[in-house]
Number of protein chains: 2
Amino acid sequence: MRKILLEIEYNGKDFCGWQTQNNVRTVQEVLERQISLLLNENICLFASGRTDAGVHALGQTAHFETNSNFDINKLSKAINFGLDKDVSVLFAKEVDPNFHARYFVKKKTYLYKIYNSKIEKPLKNGLCTQVKYDLDIEKMKKASKFFWGKHDFSAFCTSGNSTKDFVRTIFDIKIEKVADEIHFYIIGDGFLYNMVRIIVGTLVAVGKGKINPQEITAIIESKNRKKAGETMPACGLYLYKVEY
Amino acid sequence: MRKILLEIEYNGKDFCGWQTQNNVRTVQEVLERQISLLLNENICLFASGRTDAGVHALGQTAHFETNSNFDINKLSKAINFGLDKDVSVLFAKEVDPNFHARYFVKKKTYLYKIYNSKIEKPLKNGLCTQVKYDLDIEKMKKASKFFWGKHDFSAFCTSGNSTKDFVRTIFDIKIEKVADEIHFYIIGDGFLYNMVRIIVGTLVAVGKGKINPQEITAIIESKNRKKAGETMPACGLYLYKVEY
């Protein structure tokens with residue numbers, strides 16, 4: 001039995017997220033079908049984590065087990081040959097039999113792209129979230145530092161799933177102005193449901209002057225979802241990198 | 001009668017180009033319908049030039065005449081309100097009654113984006129043209145200089161239209177490496193049918209080592225379409241800027 005790790009890019013626009021569900025198109029289902037066909041074997045993909053409908057990935061990872069002796073150097077090209085244009089395997093490598101794409105994650109980086117302008121730009125549509133208000137980047141940078149470290153992030157999690165442990169560690173948040181866009185890189189050991197989108201929504205509230213940077217600690221400590229900012233839309237979110 | 005000039009951005013993917021045709025979705029038709037509805041008047045748009053199916057625009061321009069006294073400062077927002085997400089008016093301004101969006105053009109800039117890698121990247125799909133071969137950028141830069149100036153560009157024009165004058169002036173071609181992309185900015189007084197896409201196709205042939213930079217002059221002078229490179233796909237092409 002071999003274990004193969006894939007790095008995967010996808011445009012989330014036409015996917016109902018990563019995880020297989022009935023009667024909708026998901027990244028997992030599209031990839032599993034294609035790899036199973038290619039290797040003539042029923043394979044199961046285990047990702048580093050789910051992504052929601054509309055969320056993109058520049059570096060999602062997933063592993064699978066196989067009995068096939070398909071040449072690993074030709075595998076990603078062979079998989080991509082049968083895939084639609086909105087998903088692609090960037091590389092494939094063989095990993096240790098006890099490796100697991102989810103449980104072995106050390107660091108995950110998400111990127112959130114805001115297009116900050118009053119003018120509608122069709123070519124950014126679906127790839128950024130437009131914010132029409134002027135955002136104070138220095139204030140958002142100041143606020144981002146209060147997220148660093150190990151905290152109970154209950155205030156930054158959408159309820160309705162089975163999570164019981166709300167403690168996560170944020171290693172870094174980088175905020176960059178790139179022409180008319182603002183890019184947020186959020187690096188942590190793992191993320192709760194909608195956590196990145198709520199952190200960015202809270203930073204946007206800071207950027208608009210609705211929340212002071214110094215209030216972030218109190219919002220975290222409140223463990224109250226209502227104190228944090230809004231959940232930003234999926235289309236600006238990219239799973240950027242998974243590190244093991 | 002007032003004359004209004006619009007600057008327009010669109011993602012060409014789901015349009016059959018600029019010009020109105022029967023039973024297909026075009027940028028002209030979508031905009032004319034929306035503006036006519038808004039101003040309660042039958043308006044006609046005159047663009048700086050057509051763009052083909054799949055070609056994008058970051059700065060297309062078009063004018064129309066109207067009897068309406070709609071506030072010019074609110075016009076672009078009002079038009080955009082009723083438009084699909086893949087087309088948008090960036091600004092609107094009043095111009096002189098004898099102005100014409102096509103005949104008054106002094107300079108046009110096209111941008112062509114190549115994604116230069118063997119790896120398929122879904123998030124670049126439809127926004128760049130992928131070239132898998134390594135391209136020699138220094139050679140392409142050298143070759144680009146032979147296009148400068150006033151030439152008969154018959155060798156760089158797809159036949160089948162009514163053009164009789166094949167003389168155009170190229171003011172500049174800039175080639176930039178931007179991470180894993182190569183951007184070509186081609187500036188001229190006007191362009192023949194498919195001219196930008198054939199110039200880039202010829203530069204790509206130079207980048208692959210199939211044509212020497214020094215051969216460009218002979219290809220231009222041949223006036224023979226078969227001597228030039230291939231017509232690059234529409235999805236990498238952007239009408240970048242129109243200057244008057």
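Two residues are taken to be in contact when heavy atoms of theirs lie within 4.5 Å. By that rule, in this predicted model, chain A brings 21 residues to its meeting with chain B, and chain B likewise brings 21 residues. The size of an interface is often given as the accessible area lost when the parts come together. For chain A and chain B that area is about 1600 Å², with carbon and sulfur atoms giving 66% of it.

What kinds of residues make up the side of chain A that touches chain B? They divide into 10 nonpolar, five polar and six charged. Despite the charged residues on that side, the count of salt bridges between the two chains is zero. Polar contacts are found, however: four residue pairs across the chain A and chain B interface are joined in this way, both partners having pLDDT 80 or more. As for secondary structure, three strands of chain A each supply at least two residues to the side facing chain B, namely strand 1 (2-10), strand 3 (56-66) and strand 4 (87-95).

The arrangement of the two copies can be described next.

Within chain A, the domain assignment gives domain 1 (2-95) and domain 2 (107-243). Their centres, taken over C-alpha atoms, are separated by 27 Å. Domain 1 puts 15 residues into the contact and domain 2 puts in 16 residues. Together these domains bury about 1100 Å² between them, 58% of it on carbon and sulfur atoms. On the domain 1 side, the residues losing the most area to domain 2 are Asp52(A), His56(A) and Leu58(A), which together account for 45% of what that side buries.

Asp52(A) also takes part in a salt bridge, its side chain meeting that of Arg197(A) at 3.6 Å, N to O. The count of salt bridges between the two domains is one. Seven residue pairs are in polar contact across this interface, with both members at pLDDT 80 or more. The side of domain 1 that touches domain 2 comprises four nonpolar, nine polar and two charged residues.

Definitions and conventions: Residues are numbered from 1 along each chain as its sequence is written. Chains are lettered from A and ligands numbered from 1 in the order in which they are written. This is a predicted model: local features need pLDDT of at least 70, side-chain atom pairs count only at pLDDT 80 or more; totals for chains, interfaces and linings use all residues. Side-chain values use heavy atoms; hydrogens and water are left out. Buried area is the accessible area (1.4 Å probe) that two parts lose on being put together, summed over both. A salt bridge is a side-chain nitrogen of Lys or Arg within 4 Å of a carboxyl oxygen of Asp or Glu. A polar contact is a pair of N or O atoms within 3.5 Å; within protein, one must be able to donate a hydrogen and the other to accept it, and residues adjacent in sequence count only if both atoms are side-chain atoms. Helices (H or I, at least four residues) and strands (E, at least two) are DSSP runs, numbered from the N terminus. Ala, Val, Leu, Ile, Met, Phe, Trp, Tyr, Cys and Pro count as nonpolar, Asp, Glu, Lys and Arg as charged, and the others, Gly among them, as polar. Domain bounds come from an automatic or database domain assignment.
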